[in-house]
Amino acid sequence: MRLQVVKGSFSYSKDKKILEDLNLTLDKGKFLCILGQNGIGKTTFLNCLTGILKWDSGYVSLNGKRVDGISKEKEVAYVPQARGVDFPFTALDMVAMGRTKHMGFFATPTRRDRLISLECLEMMGILDLADRKCSQMSGGQLQMVYIARALASNPRLIILDEPEAHLDFKNQALILNRLKDLVEEKGISCIMNTHHPQHALKISDYTLILGENGMYHYGETMDTLTEENINQYFRVATRIVDLKNLGIDEKAFVMLSKNE
Amino acid sequence: MLMKEERKAFMSIGIGAMLLLIMAFVSLFLGRYMVSPGMVFQVIYHEITGRTLASVEQNIIWDIRLPRIMLNILVGGGLAAAGVAFQGVFQNRLVSPDILGVSNGAGFGAALGLLLGRLPPFGIAMMAFCGGLLSVGITYAISKIRKGKSTLTLVLSGIVVSSFFGAMISYIKLVADTDSVLPSITYWLMGSFAGASYANVFFCATFIGLGLLVLHLLCWKINILSMGDKEAYALGIDPEKNRMAIVIACTFITATCVMATGIIGWIGMIMPNLCREFISANNKYLLPAATIGGGLFMVVIDLVARISTAAEIPIGILTAVIGAPIFIIVFFKQEGEMN
């Protein structure tokens, strides 16, 4: 599945552009992270991408075919931020909601839908939570349930809104690893918003950095996440340190204490 | 492959239905005129076989108590089911037909119909339905003016709209003819089952039944809508259209209940929350459970209203007196679970 955004533009008011002439292409089984300051338009971009907001101009295409509102497509699933749930649905009910696109208009989940839902819970390693009420779960558990719900629709592309926000260290790692597995083992493409350049560097193939007035930078993560770009887009003096000398195959972002 | 919660739901619905039958039967022989249980069987047997007993017992049980109990079940169940669906589609556990202003809106429509007089058949019912739809529309519109969804905004705009239509009802009472129209409006608005008849039961069964059927068919959509519009959209359903269909069905049910028995509060908020906490949040089970629970609650309350004092207590007073403490208990239990 190949996703393209062609000349996407969006603004809430005339004098402030949020997104302008944004182009990107994402191939099957690739991971895209979106970075940017608070309020710069990361969530706006996701909303335009999924079709909740309408582009002012430009469009999104799947496999070369123009689509209005891709989250309505069967191949696309959306994972919202795991805020608290008011209604005490069980995890199984919640995941079964992901089957809705495959169900008839008046239908409720069939035995098959429920089996698929249980499989998805197992895939996320939370089968033991199937009977637990979502209103009594921790943030990490709930986020896993949401991802399982996305998987239940058997998607080729999953779009996530800050899945690791508000999670502790261990749960952040858990979520990122599960997502990485999905991309590598199942060939599912992922697009996710994040506040952590470190996370983008760790798991993504491509990175989109959004800046003010519709400015953006899109490319392979290795080429995009440079000291220069971080300094420019986040206005924080940063050094990227290669940890190879310490025997760790990763890079670390170090924020220098003096800003600008 | 039945999960723990589903077994619990099936059992609760079964037990609820049995309790409802038992309480309905008890209500047939309890009252200020006591009838022995055996006599109740005799009367029912004779009616079914077509040999009507021309006795006081026959009159009390078959012509007065039985339609009244049937109406209890229909109205109680209808209001509870409408509450379940309203709470789901507005993603808000504090709303109900009366809080959203639907009850007062429907009441206003019906009162206006009575005032105008000489309407075609079902004219008053149509007025009640339109009044209910208008009020829930206004409530929802007001709550949308303020950006950023909050639970309280919807409740507050509901209260505003509700009291507006309450005032309009008062105005109609003021200008109504004191000899003919005013007594009928006042008497009906107090919320009473005393006027139950088979014609009434038939009217309610048809329209509440239709509404319940629609809600049941759309029960999975109510689940999805309770996740919020953005998620509903991403899960593949059109939130506005589906919500509209469900709100119309709920308003249909509420307007019918208001037509039949006046404005009865509380039940549409308490029953959904009780059943959601103790049985299931999945509307496939929650809707039938709350319908049965609402019917049972209403049968019991109406029984108390009939037998506790010499003069019958208006039903609205009792639902509030019993409903408010239940609500507080549930509310605190929920808070405790969260911490």
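Predicted model: local features only at pLDDT ≥ 70, side-chain atom pairs only at ≥ 80, totals over all residues.

I counted two salt bridges between chain A and chain B. A salt bridge here is a side-chain nitrogen of Lys or Arg within 4 Å of a carboxyl oxygen of Asp or Glu. One entry is the pair Arg114(A) and Glu6(B), whose side chains meet in a salt bridge at 2.7 Å, N to O.

Residues are numbered from 1 along each chain as its sequence is written, chains are lettered from A in the order in which they are written, and side-chain values use heavy atoms, without hydrogens and water.

Next, the interface. I found 43 residues of chain A in contact with 33 residues of chain B (contact means heavy atoms within 4.5 Å). The two chains bury about 3400 Å² between them, 62% of it on carbon and sulfur atoms. Buried area is the accessible area (1.4 Å probe) that two parts lose on being put together, summed over both.

Then I looked at phi. Most residues other than glycine have a negative phi. Lys7(A) is not a glycine, yet its phi is positive, about 50 degrees. I found Lys7(A) in strand β1 (residues 3-10) of chain A. Strands are DSSP runs of E, at least two residues, and helices are runs of H or I, at least four, numbered from the N terminus. Glu162(A) also has a positive phi, near 45 degrees. Glu162(A) sits in the loop between β7 (157-160) and α5 (169-186) of chain A.
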